[in-house]
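User: I'm new to this one, so could you walk me through it slowly?
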Amino acid sequence: MAANRQETYIQKLQNYCTTNQIAQPQFQDYSDPRGIRTAWSSGVLVHGREFRAHLWRDYRYLEQSREEAAEIAWKTLNGLPVTNAPPVVYGRGYPAMSR
């Protein structure tokens with residue numbers, strides 16, 4: 001017997017692309033070295049627009065980052081509000097070194 005699982009945002013986004021006859025979403029993973037550890041995040045490209053996950057995670061949770069990016073894309077493309085979304089900043093700023 002198959003379990004009743006809720007459709008993931010990745011699946012919803014794939015269905016959106018199929019329904020609207022556009023190319024399937026393309027996921028891109030990003031890494032950011034932070035001392036001895038590396039943080040990971042994801043973005044998804046849909047119809048020429050990139051949507052990025054807001055949080056950086058350990059590599060073990062990269063699939064959650066892809067799901068977050070898919071959720072942001074799906075909600076934006078369907079005109080729904082994206083809740084708890086911090087402003088998107090694509091570059092990291094480092095403080096100036098004092099001497």
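User: How much of the protein chain is buried?
Analyst: Of the 99 residues in the protein chain, 27% are buried, where buried means under 20% relative accessible area, exposed over 50% and partly exposed in between, with a 1.4 Å probe and protein chains only. This is a predicted model, in which local features need pLDDT of at least 70 and side-chain atom pairs count only at pLDDT 80 or more, while totals for chains, interfaces and linings use all residues. Residues are numbered from 1 along each chain as its sequence is written, and side-chain values use heavy atoms, with hydrogens and water left out.

User: Which elements does the chain have, and in what order?
Analyst: There are 2 helices and 3 strands, running α-β-β-β-α from the N terminus on; helices (H or I, at least four residues) and strands (E, at least two) are DSSP runs, numbered from the N terminus.

User: OK, rings now. How many aromatic pairs are there?
Analyst: The whole structure holds 2 aromatic pairs, counted when rings of Phe, Tyr and Trp (its six-membered ring) have centres within 6.5 Å, with planes under 30 degrees apart stacked, over 60 edge-to-face and the rest tilted. In one of them, the ring centres of Trp-40 and Tyr-59 are 5.2 Å apart and the planes stand at 70 degrees, so this pair is edge-to-face.

User: What parts does that pair tie together?
Analyst: Trp-40 belongs to strand β2 (residues 37-46) and Tyr-59 to the loop between β3 (49-52) and α2 (62-77), so the pair ties together parts 19 residues apart in sequence.

User: Is Tyr-59 buried or exposed?
Analyst: Tyr-59 counts as exposed because its relative accessibility is 53%, whereas Trp-40, at 22%, counts as partly exposed.
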